[in-house]
Each structure stands twice: as C-alpha cells, then as structure tokens.
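Open the model in your viewer and keep the selection panel at hand.

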Amino acid sequence: MRSRTRRVASSALLATLFVAGCSPDSLDGLSAPASGTPSAGPSGRAASAGPVGRAIPVGAGPQKTYTTQQQPPAGSCHYRHEHGEPLEDPKCTPGAISPAVTQANLASTICRKGGYTSGIRPSTSVTGKEKELNAASYGFTGRMGDAEYDHLISLQLGGDPNDYRNLWVEPADPGHRTGSGVNNRKDPVETKLHTAVCKGQVTLAAAQHAIVTDWTTALATLHLA
C-alpha cells in the first residue's frame with residue numbers, strides 16, 4: 001500500500017513539473033546549464049555573457065605589480081585575415097575583460113575625465129618580453145618595431161591589462177611603410193567605440209563583443225560606421 005502511495009505521489013510530482021515547464025532530467029540539480037550560461041575561465045572568474053557572440057573570459061584586472069605572462073606555445077597561433085587586415089587567432093587570443101570596469105561604473109573608470117589607461121598599463125619591461133614570446137606563438141617574422149603588442153579589447157574598452165588572452169602581436173596593415181613604426185587602423189575603431197560607450201550609444205558589453213568578433217566590422221555591426 002505504501003509503495004502504491006509513493007508511485008501515485010511521484011506521478012503527481014512529475015505531472016506538476018511538466019506543467020511548470022520542467023523535465024525529469026532537471027531533478028536533483030543534475031541538469032546541465034542552459035545554453036549561453038557563462039562558464040569559468042582559466043582565471044576562475046565567470047566569463048562575460050554579452051548580447052552577441054561567444055562569452056569573453058574575465059582576467060585578474062589591474063595589478064600593483066605586473067609579471068611576465070606565459071604565452072601560447074611557439075607556432076601554435078595562426079593569423080587570419082578579413083578585408084585585407086590581420087586578425088588574431090581566437091583560440092589563442094579570445095580577449096579578456098577587466099572585472100574593474102562595468103557598465104555601472106563607466107563614469108569613474110574608462111569614461112572619467114583625466115584618463116584611465118595610463119595608471120593601469122603594464123610597463124614595457126614586462127610587455128617587451130611578452131611581445132617577443134607572443135611573436136614566437138604566432139610565428140611572426142616581420143619587423144618588431146612595426147608590429148603592435150595589442151590589447152584585443154583595448155584598455156579604454158575595459159580590456160584586461162595583462163592577461164595573455166587579451167594580448168597579441170598585431171602585424172602592420174597592408175601597405176604600411178616598413179620602418180615607419182606602429183600605425184594600425186584598429187586604433188581609431190577602438191576610440192570610436194569608446195566614445196560611443198561613454199555617450200551611451202552602445203553598451204560596454206556590445207562594444208567588447210564586437211571588437212573580439214571582428215574589429216574590421218565592429219563599427220558597422222553596431223551601426224556606428
């Protein structure tokens with residue numbers, strides 16, 4: 001009799017769950033997270049779930065003292081090209097955001113008067129070593145003085161200052177005059193995105209996702225071109 005009572009109670013519980021939109025697989029907390037749920041990255045922090053594209057890892061944020069970060073193995077990263085411009089390898093350089101910059105504190109961080117990036121930028125004694133290591137990761141053989149050790153998500157867009165996932169050796173643009181130094185077309189795109197974020201034209205997350213997806217189309221994607 002008790003066994004029959006348990007079966008009836010169990011059937012009633014399952015029927016209630018189905019009516020509520022649940023499935024038996026979700027019982028006891030055994031269900032997998034819904035698609036698009038942020039997952040913890042190598043930093044141990046949850047990734048940023050933006051409106052479009054893949055989740056972006058979260059880095060450690062600004063540090064009082066930076067140390068040289070280990071880079072991907074030599075030759076393991078490969079450039080891709082869109083609209084004639086060199087783009088990063090998303091497996092090696094997926095981007096990483098700083099937990100210190102959020103939509104809620106823009107006025108006191110990246111949008112504050114007097115600037116934000118100079119106080120959190122790693123020294124060249126650190127980034128110089130990282131640039132050489134990362135050049136080997138990407139198999140870069142060009143002139144180092146014409147290549148930028150670039151924050152994929154720029155500091156002015158809340159990118160992490162020294163997470164290896166957010167830094168890559170960006171080759172010079174096509175047609176760049178050898179020996180003329182760094183002058184990449186990605187830089188003005190970052191500045192326009194920063195202006196749009198600070199004016200409230202786009203959200204911080206939208207700008208970050210647009211830049212990691214393809215910086216050559218970021219402005220058009222956000223209707224800022």
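Select Glu-190 and Lys-186. They form a salt bridge, with the closest N and O atoms 2.3 Å apart. A salt bridge here is a side-chain nitrogen of Lys or Arg within 4 Å of a carboxyl oxygen of Asp or Glu. Both residues sit in helix H3 (residues 186-198), four residues apart, about one turn of the helix. Helices are DSSP runs of H or I with at least four residues, strands are E runs of at least two, and both are numbered from the N terminus.

Before moving on, note the ground rules. This is a predicted model, where local features need pLDDT of at least 70, side-chain atom pairs count only at pLDDT 80 or more, and totals for chains, interfaces and linings use all residues. Residues are numbered from 1 along each chain as its sequence is written, and side-chain values use heavy atoms, with hydrogens and water left out.

Colour by accessibility next. Lys-186 is buried, at a relative accessible area of 0%, and Glu-190 is buried at 6%. Buried means under 20% relative accessible area, exposed over 50%, and partly exposed in between (1.4 Å probe, protein chains only).

Select Arg-80 and Glu-88. Their salt bridge has its closest N and O atoms 3.0 Å apart. Arg-80 is partly exposed at 26%, whereas Glu-88 is buried at 1%.

Go to Arg-143 and Asp-146. This salt bridge has its closest N and O atoms 3.6 Å apart. Arg-143 is partly exposed at 46%, while Asp-146 is buried at 5%.

Now the largest pocket. How much space lies in it? About 270 Å³. A pocket is an open set of points on a 1 Å grid over the protein atoms alone, where a 1.4 Å probe fits, with protein on both sides within 12 Å along at least five of seven lines; lining residues have an atom within 4 Å of a point. Points are joined across faces, edges and corners, and the volume is the space filled by probe spheres set on them.

Select Arg-121, Glu-148, Tyr-149, His-151 and Leu-155: of the 15 lining residues, these are the closest to the pocket's centre. Helix H2 (124-138), strand S3 (148-151) and H3 each supply at least two lining residues. S3 gives the largest share, four residues.
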